[in-house]
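Dear colleague,

Please find below the structure I promised to hand over, together with its sequence. My findings follow directly after it.

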Amino acid sequence: QTGPAVYDADGMLLRGTLVRHLVLPGLSRASMRALSILRDALPEDVPLSLMGQYTPCGEAARIPGLDRPLLRREYKRVQAHMQALGFPGYVQPPEASGTEMIPVWDGTGVIGAARQE
């Protein structure tokens, strides 16, 4: 529906579809199945953004299986599968995970945000 991907001179996607996929701990096989299904269903030029920044917090930190960060080997398995499928796109570096990467969601920097004091 969006047509082919269109990029600017810096490689930023201006128009088109981008699939973002967050790999969860213990579910690398499910991620690989999802990517295989997407590969069969999408045009070859649809890029994929593979994310590995899952950080357990809130209620998720109390759910067995989701109570730990993603292991590098789990992420690398899914990354290898993405590459084998020929997906264009972006692979998030492992350093982009952890609680220090979670922004404060207080509306700071959001234009027109209603702030409740």
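Helices (H or I, at least four residues) and strands (E, at least two) are DSSP runs, numbered from the N terminus. The model is a predicted one, in which local features need pLDDT of at least 70 and side-chain atom pairs count only at pLDDT 80 or more, while totals for chains, interfaces and linings use all residues. Residues are numbered from 1 along each chain as its sequence is written, and side-chain values use heavy atoms, with hydrogens and water left out.

The model has an open sheet of 3 strands in the order 3-4-5, with parallel pairing; two strands count as paired if DSSP finds at least two bridges between them. Strand 3 and strand 5 stand at the edges with a single partner strand each, so one side of each has no neighbour in the sheet. Neighbouring strands are turned by 15° against each other on average, direction ignored. Axes here are lines fitted to C-alpha atoms, for helices over the stretch in contact, and angles run from 0 to 180 degrees between N-to-C directions.

Strand 3 (residues 19–22) is joined to strand 4 by 4 bridges. Across this pair, Arg 20 stands opposite Ser 49, and Met 51 is the bridge partner of Leu 22. Between strand 4 and strand 5 (residues 89–91) there are 3 bridges, and Leu 50 stands opposite Val 91.

Buried means under 20% relative accessible area, exposed over 50%, and partly exposed in between (1.4 Å probe, protein chains only). In strand 4, Leu 48 and Leu 50 point one way, Ser 49 and Met 51 point the other way, and all are buried.

The helices and crossovers

From strand 3 the chain passes through helix 1 to strand 4 in a right-handed β-α-β crossover. Strand 4, helix 2 and strand 5 likewise make a right-handed β-α-β unit. The term right-handed applies if, with the strands pointing away from the viewer, the path from the first strand over the helix to the second runs clockwise. Helix 2 lies across strand 4 and strand 5 and runs at about 170° to strand 4.

The core

Which residues make up the largest nonpolar core? Its 12 residues are Val 19, Val 23, Met 32, Leu 35, Val 46, Leu 48, Leu 50, Leu 70, Tyr 75, Val 78, Met 82 and Phe 87. Helix 1 (28–41), strand 4 (48–51) and helix 2 (72–84) are the elements that give two or more residues to this core, and helix 2 gives the most, with 3 residues. A nonpolar core is a set of buried Ala, Val, Leu, Ile, Met, Phe, Trp, Tyr and Cys residues joined through side-chain atoms within 4.5 Å.

Not counting residues up to four places away in sequence, Leu 35 touches His 21, Leu 48, Leu 50, Val 78, His 81, Met 82, Leu 85 and Phe 87; contact means heavy atoms within 4.5 Å.

Two further residues

Arg 33 lies in helix 1 and counts as exposed because its relative accessibility is 54%. Arg 33 and Val 78 are 45 residues apart in sequence and 9.6 Å apart in space, C-alpha to C-alpha.

Gln 92, in the segment after strand 5, is buried, with a relative accessible area of 13%. Leaving aside neighbours within four places in sequence, Gln 92 is in contact with Leu 50, Met 51, Gly 52, Gln 53 and Tyr 75.

The chain as a whole

Of the 117 residues, 26% count as buried. Among contacts between residues at least 6 apart in sequence, 63% join residues at least 24 apart. The protein chain exposes about 8300 Å², of which carbon and sulfur atoms supply 57%; accessible areas come from the Shrake-Rupley method with a 1.4 Å probe, and for residues only the protein chains shown count as cover.

With kind regards
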